Amino acid sequence: MDNTLFGFLDYAVYGTAVLVMLIGLYGAMVKKSLLKIVIGLSIIDSGLNLLIVAIGYYKGGTAPIFSQGFLENFKSVSKMVDPVPQALVLTAIVIGFGVTAVALALVIRLYRHHGTLNIDEIKNLKW
Amino acid sequence: MVGTPVLFIAIPLLAAFLIPLLGMIWKELVRIVPGLVLTYLLILSVNLLNHVLAHGPIVEVIAGWVPPIGINLVFSAFSGFLVVLMEFLGLLVWAYSYRFKRNVDYEPALKYFLMLMMLITGSVGIVLTGDIFNMFVFIEITSISAYGLTAFYKGRNSAEASFKYVMMGSIASTFLLLAIMIIYSQLGTLNMADIANRIHTMKPAYKIVSYIFFVTALGIEAEIFPLNGWAPDAYAEAPGPVGAAFAGIVVKAAVYAIIRYTYTIFDLSGTLNFLIIIGMVTLIIAETAAIRQEKLKRMLAYSSIGQMGLVLVAFGFGTKEGVFAALFLMLNHAIIKSLLFFSGSYLVYNSTEKRIVEVNGMSKYLPITSLLFALGAFAIVGLPPFAGFWSKLSVMTAAADSNMILIMALVLIVSVVELVYYLRVVNRIYFFKKEASIEPHRPTINAMVVMLVLGAIILVIGFYPDAVTGILHKASASLMDKSYYIHHVLSLKQ
């Protein structure tokens, strides 16, 4: 896979991540159901997390875990993928989970108050 | 040394999660503990600010990892000034809402004070942190507690307002993370000083894209037009003191973040003019929208958005006078808008719709509250001898120094619009007959004390502005001195 013909595959993961984000954005902006909006928002988060992990990866890298092998072959340290984005993604996943939970709690409140999940019928405030 | 900046985050976070446990011992502790914590943090912040003004900024290294590897907190004159302001307002919001509804039972009070503590902690963290990803985490802490506080009342349309806020806030956090990752992928660091030191090695296209994402994301929190769709609803549906907390604490933190990115981190030319333009557009649109509002709190919310636009304009001048004027405006806006929210929510306490017409004739029944509302209204418009006059005057002189005559004219015209809609409310309070159906509600003693303290501060700053200008000058000098910030953070040894 070293030839230029398949070189674009190295960037495929970036494209996929952006595509996932756009799908999520479509769901959040176009769909009328509150639940689908919340799902769309969490799909955006997933796409972004994929993008962040992809930024930290480079070809042929190993997992950034300290082990006996590193001491014997010090060169392999330079073959580790960047661990910082992975740590950031863990934090971002937790935050995204929290936001989704809050949003779902609000959806339940809205459903009890209005008896519907259609966003067009919930407009006591100006949208 | 009396304490370190990390206490501003550690103590309230610990206290917030201990509140439910303490509440099991004695229910009143749920209300008392936040007040004690906020009082301690206020004293600590004043002490630290005094220390910083005399000896230069404090940089706190977390867990022994020196910058640029670890997270650090920077307590400079600029961030310290904002921390003092936020802790002070937090304490006032706590005191005001200590028993703001006599029948608030144990569980709502628990959630209210817990989320209020988290809100203040997150905002103070945004101001103190020296690491962009850490700032993202604090922005999320602030936003999630703000969502919760917006949806606090079950009877109103608060869930709808809060859902709107969640949608915009969630997209904001995505943009913010994207901007952070663009910087990280290019420079391989998350430390603000290190980024600022090496940003000139980044390609301009990446810089511009990441700056745009930053401003969009933070603009949603800072209520910049056209990203402020959530703000009027959230202010109108949240409890009154929470509106004051949003205007005084959350928005200030978001504006701080925008300013930190513009002044310290990015070296793009032309961003200052960009700030002036978005600030002017926000100011004009918000003030014209405020004039046609029928609900009191929505009007105050639009006025708050407009003031934030004016702050951005003042920062956009890029001169020392401009930064001074902007900080003065932030201080005055925090104090005066809190007073307006505090007194305004008692003027419309028993009406369900919270419309402006329902304040008619309240001056006979709530004389002191009405007087304080009028004082706040005159002060925020900028009538002498109140506090707002000096901040507007300093914006004018800063604009004149930068030869921005058109901006001066526009700001003055907008001030007239502001005067019109505030005088309309004051006129109704004093010269209209009260509608019989609405029962006035007397403020509690602690709410009255808080409002009187705020009114006194407005008068003190109005008659004796030198009381604060010294600190403001030092704070603006500390923001303008970018190379000192970078050098001070990066030269730390373990």
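This is a predicted model: local features need pLDDT of at least 70, side-chain atom pairs count only at pLDDT 80 or more; totals for chains, interfaces and linings use all residues.
**Exercise 1.** Determine how α13(B) and α15(B) are oriented to each other.

*Solution.* Begin with the axes: those of helix α13 (residues 320-347) of chain B and helix α15 (residues 387-401) of chain B come within 8 Å and cross at roughly 160 degrees. Angles over 145 degrees count as roughly antiparallel, and α13(B) and α15(B) are therefore roughly antiparallel to each other. The handedness of this crossing is left-handed. Next, consider the residues that meet: α13(B) contributes, among others, B:F324, B:F328 and B:I336, while α15(B) contributes residues including B:W390, B:V395 and B:D401. Sorted by class, this contact comprises nine nonpolar, five polar and two charged residues.

**Exercise 2.** Check the span of α15(B) against expectation, then identify what covers its buried residues.

*Solution.* At 1.5 Å a residue, the 15 residues of α15(B) should span 21 Å; the end C-alpha atoms lie 22 Å apart, which agrees. Among the buried residues of α15(B) are B:K392, B:V395 and B:M396. The cover over the buried residues includes α12 (296-316), α13, α14 (367-381), α16 (405-431) and α17 (445-463) of chain B. After α15(B) comes B:N403, with a positive phi near 60 degrees.

**Exercise 3.** Describe the packing of α6(B) and α8(B).

*Solution.* Helix α6 (residues 158-187) of chain B packs with helix α8 (residues 204-221) of chain B at an angle of about 155 degrees, their axes being 8 Å apart. That angle makes α6(B) roughly antiparallel to α8(B). Their crossing is left-handed. Residues of α6(B) including B:F175, B:L176 and B:I183 meet residues of α8(B) including B:F213, B:F214 and B:E221. By class, the contact has 17 nonpolar, four polar and one charged residues.

Conventions. Residues are numbered from 1 along each chain as its sequence is written. Chains are lettered from A and ligands numbered from 1 in the order in which they are written. Side-chain values use heavy atoms; hydrogens and water are left out. Axes are lines fitted to C-alpha atoms, for helices over the stretch in contact, and angles run from 0 to 180 degrees between N-to-C directions. Helices (H or I, at least four residues) and strands (E, at least two) are DSSP runs, numbered from the N terminus. Angles under 35 degrees count as roughly parallel, over 145 as roughly antiparallel, 65 to 115 as roughly perpendicular and the rest as oblique. A crossing is left-handed if the near helix is turned anticlockwise from the far one by less than a right angle, and right-handed if clockwise. Contact means heavy atoms within 4.5 Å. Ala, Val, Leu, Ile, Met, Phe, Trp, Tyr, Cys and Pro count as nonpolar, Asp, Glu, Lys and Arg as charged, and the others, Gly among them, as polar. The expected span of a helix is 1.5 Å times one less than its number of residues. Buried means under 20% relative accessible area, exposed over 50%, partly exposed in between (1.4 Å probe, protein chains only).
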